[in-house]
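My notes follow in the order in which I looked things up.

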Amino acid sequence: MRKLGLLKAAVLLALLAQPVWAGAAEDQVLAAVNKARAGAGCGALTANAKLEAAARGHAKAMAEQNFFSHSSKNGGKFSNRIKAQGYRYSKVAENIGAGHASAAKMMATWMGSSGHRKNILNCGLTETGIAVVYQADDKPLKGQSFAMKYYWVQVFARP
């Protein structure tokens with residue numbers, strides 16, 4: 001029985017270690033998030049198209065406009081991006097990340113950060129939208145010596 005559990009864990013890690021161009025990176029993140037939530041006694045998050053659109057729009061903006069922030073270049077907050085998609089929420093949060101080419105690396109970074117981990121393991125949040133955008137000709141952000149190229153956004157909400 002223990003060997004079967006280890007085999008399942010190895011398969012999951014192998015899937016998560018795939019580079020984003022290998023397939024559904026967003027699905028890989030959602031699977032890892034829901035596994036972490038289950039371990040913390042939380043219900044699984046369900047994907048929501050409006051939240052995904054909000055996440056994708058912000059990831060695309062960061063990649064194309066060469067910035068990294070929860071606020072848009074014009075100062076807009078993530079909650080406004082979610083509202084603009086027509087999603088009405090009672091609770092909302094956001095994780096952003098950059099520079100990681102795989103879902104596993106992005107998840108490890110988020111789970112290693114207390115604020116990001118708190119969002120992932122918040123049992124009061126029930127829906128999510130996840131996006132990663134790759135910018136091949138990305139330029140280094142101010143103060144960085146290398147280009148991030150991969151921009152990740154995960155928004156969490158409760159209707």
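Entry 1: a helix pair. I started with helix 2 (residues 25–39) and helix 5 (residues 103–111), whose axes come within 9 Å and cross at roughly 40°. The axes are lines fitted to C-alpha atoms, for helices over the stretch in contact, and the angles run from 0 to 180 degrees between N-to-C directions. That angle makes helix 2 oblique to helix 5; under 35 degrees counts as roughly parallel, over 145 as roughly antiparallel, 65 to 115 as roughly perpendicular and the rest as oblique. I noted the crossing of helix 2 over helix 5 as right-handed, meaning that the near helix is turned clockwise from the far one by less than a right angle.

Before going on, I wrote down the ground rules. This is a predicted model, in which local features need pLDDT of at least 70 and side-chain atom pairs count only at pLDDT 80 or more, while totals for chains, interfaces and linings use all residues. Residues are numbered from 1 along each chain as its sequence is written, and side-chain values use heavy atoms, with hydrogens and water left out.

Entry 2: the contact itself. Which residues of helix 2 meet helix 5? I found A25, Q28, V29, A32, V33 and A36 on helix 2, facing A103, M107, W110 and M111 on helix 5; contact means heavy atoms within 4.5 Å. By class, this contact has nine nonpolar residues, one polar and no charged. Here Ala, Val, Leu, Ile, Met, Phe, Trp, Tyr, Cys and Pro count as nonpolar, Asp, Glu, Lys and Arg as charged, and the others, Gly among them, as polar.

Entry 3: Helix 2 has 15 residues and reaches 21 Å from its first C-alpha to its last, close to the 21 Å expected at 1.5 Å a residue; the expected span is 1.5 Å times one less than the number of residues. Its buried residues are A25, E26, Q28, V29, L30, A32, V33, N34 and R37. Buried means under 20% relative accessible area, exposed over 50%, and partly exposed in between (1.4 Å probe, protein chains only). Just after helix 2, I saw that G41 takes a positive phi of about 85°.

Entry 4: helix 3. Residues 49–65 form this helix of 17 residues, which reaches 24 Å from first C-alpha to last, close to the expected 24 Å. I listed L51, A54, A55, H58, A59, A61, M62 and A63 as its buried residues. What do they pack against? Their partners are helix 4 (78–84), strand 2 (91–98), strand 3 (127–134) and strand 4 (150–158). I then checked W152 in strand 4, and it is buried, at 0% relative accessible area. The C-alpha atoms of W152 and H58 are separated by 8.9 Å, although the residues are 94 apart along the chain.

Entry 5: two phi angles. N66 has a positive phi of about 55° although it is not a glycine, and I found it in the loop between helix 3 and helix 4. At 28% relative accessibility, N66 is partly exposed. K149, also not a glycine, has a positive phi of about 65°; it sits in the loop between strand 3 and strand 4 and is partly exposed at 29%.

Entry 6: the whole chain. I counted six helices and four strands, in the pattern α-α-β-α-α-β-α-α-β-β. These are DSSP runs numbered from the N terminus: helices are H or I, at least four residues, and strands are E, at least two. Of the 159 residues, 40% are buried.
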